[in-house]
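Please examine the sequence and the three-dimensional model shown below.

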Amino acid sequence: PFDVLVVGGGPAGAAAAIYAARKGIRTGIAAERFGGQVLDTMAIENFISMPYTEGPKLAVALEQHVREYEVDLMNLQRASKLVPAQEPGGLIEVQLESGASLKAKSVILSTGARWRQMGVPGEEQYRNRGVAYCPHCDGPLYKGKRVAVIGGGNSGVEAAIDLAGIVQHVTLVEFDAKLRADEVLQRKLRSLKNVDIITSGQTTEVLGDGKKVNGLVVKDRNSGESRTIELEGVFVQIGLLPNTEWLKGTVELSPRGEIVIDERGATSVPGVLAAGDATTVPYKQIVVAMGAGSTAALGAFDHLIRMPAA
Ligand code: FAD
């Protein structure tokens with residue numbers, strides 16, 4: 001069995017595997033797609049100490065760094081079930097969709113998350129070419145330009161306020177008849193001069209010139225009429241979905257499906273820790289996920305050295 005088995009191969013999982021392996025303990029990492037969301041990212045300008053890199057490059061670097069150590073790297077493996085230890089100090093089991101099963105003294109869950117998409121024409125085609133999901137990441141790329149934010153919940157309104165300080169103009173589009181964000185955020189948003197708010201607005205298409213975004217089609221759900229907004233960027237803020245469906249009923253999840261962790265990365269199941277976008281950590285970023293992965297690995301090590309000798 002493994003001492004530490006990491007499930008998920010994004011920044012959090014890679015950091016956890018490296019920190020665990022450096023303790024000289026038997027470490028494995030199983031990932032559906034090694035690299036994680038980083039593989040879907042183009043420019044990365046907030047990976048501290050590296051002013052600019054690109055997602056696919058960073059994913060290769062993550063894998064190379066993990067391979068510096070004796071880590072059993074199992075790529076293209078999707079976990080389907082977690083079975084907690086049957087007795088204190090017993091082995092935890094992770095079942096894979098392939099039918100195989102892995103056993104470990106401690107497990108680190110780092111299965112990340114995915115942005116909910118609008119599912120309209122143009123969204124996929126212009127992803128990273130005008131269609132963005134992360135204002136902290138891509139906001140500065142739209143300095144002086146016009147953008148829309150889709151979604152009037154807390155994350156959408158926060159994004160609109162954030163972007164209004166960087167870009168020339170923001171149009172916030174909410175599907176419902178009113179915004180759902182906290183009142184204090186709505187008040188702040190309405191006080192900004194370069195923000196327009198559209199409610200009862202259904203985004204039906206992202207337009208572009210073949211290379212990048214140049215417009216957004218929004219249908220008024222009351223009148224049924226459509227209009228085209230000229231702009232350069234569209235930030236989609238309609239939800240971040242944690243990849244935790246397979247953990248329902250075993251590990252405590254928040255109402256949003258995030259794995260509940262404490263400050264050392266421990267979950268509700270003894271010996272099972274978690275890190276990164278799949279957890280209740282408030283900010284979802286690469287450097288944050290890496291820090292959390294390191295924390296979880298050190299937390300797992302603390303757990304291991306307290307286990308009774310076999
Ligand atoms: P992820 O990167 O999501 O990795 C999850 C891993 O778990 C993957 O290997 C996945 O295949 C695997 N997995 C999922 N389910 C299972 C399962 N059941 N069994 C086994 N494996 C599983 N952040 C920044 O800091 N700067 C940026 O510029 C930036 N730009 C971004 C641009 C885009 C388009 C996107 C989508 C995100 C961006 N982010 C950026 C956010 C950043 O990518 C995430 O915060 C970070 O990747 C989270 O790391 P993670 O390891 O927690 O999860």
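This is a predicted model: local features need pLDDT of at least 70, side-chain atom pairs count only at pLDDT 80 or more; totals for chains, interfaces and linings use all residues.

Are α4 and α5 roughly parallel or roughly antiparallel to each other? Helix α4 spans residues 154–164 and helix α5 spans residues 183–190; they pack at an angle of about 30 degrees, and their axes lie 10 Å apart. Angles under 35 degrees count as roughly parallel, and α4 and α5 are therefore roughly parallel to each other. The crossing in which α4 passes α5 is left-handed.

The residues that form this contact can be listed for each helix. On the α4 side they are Asn154, Val157, Glu158, Ala160 and Ile161, which meet Leu185, Gln186, Lys188 and Leu189 of α5. Sorted by class, the contact of α4 with α5 comprises five nonpolar, two polar and two charged residues. An α-helix has 3.6 residues a turn, so residues three or four places apart point the same way.

Helix α1, residues 11–21, is mostly covered, with eleven of its eleven residues buried. Among these buried residues are Pro11, Gly13, Ile18 and Tyr19. The buried residues of α1 pack against the strands β1 (2–7), β2 (27–31), β5 (71–75) and β8 (101–109), and also against the helices α2 (55–67) and α6 (286–305).

With α6, helix α1 packs at an angle of about 35 degrees, the two axes being 7 Å apart. Here α1 passes α6 in a right-handed crossing. From α1, the contact draws on Pro11, Ala12, Gly13, Ala14, Ala15, Ala16, Tyr19 and Ala20; the residues they meet in α6 include Ile286, Met290, Gly293, Ser294, Leu298 and Phe301. By class, the contact of α1 with α6 has 16 nonpolar residues, three polar residues and no charged residues.

The overall form of the protein can now be considered. The protein contains six helices and 19 strands. Its C-alpha atoms fill a box of roughly 70 × 35 × 35 Å along the principal axes. For 310 residues, a compact globule would have a radius of gyration near 19 Å, and the 21 Å of the protein agrees with this. Buried residues account for 43% of the 310 residues. Of the contacts with a separation of 6 or more, 61% join residues 24 or more positions apart.

Note on methods
Residues are numbered from 1 along each chain as its sequence is written. Axes are lines fitted to C-alpha atoms, for helices over the stretch in contact, and angles run from 0 to 180 degrees between N-to-C directions. Helices (H or I, at least four residues) and strands (E, at least two) are DSSP runs, numbered from the N terminus. Angles under 35 degrees count as roughly parallel, over 145 as roughly antiparallel, 65 to 115 as roughly perpendicular and the rest as oblique. A crossing is left-handed if the near helix is turned anticlockwise from the far one by less than a right angle, and right-handed if clockwise. Two residues are in contact if their C-beta atoms, placed from the backbone, lie within 7 Å. Ala, Val, Leu, Ile, Met, Phe, Trp, Tyr, Cys and Pro count as nonpolar, Asp, Glu, Lys and Arg as charged, and the others, Gly among them, as polar. The radius of gyration is taken over C-alpha atoms; the globule rule is 2.2 Å times the number of residues to the power 0.38. A residue is buried if 20 or more other C-beta atoms lie within 10 Å of its own, exposed if 12 or fewer, and partly exposed in between; C-beta atoms are placed from the backbone.
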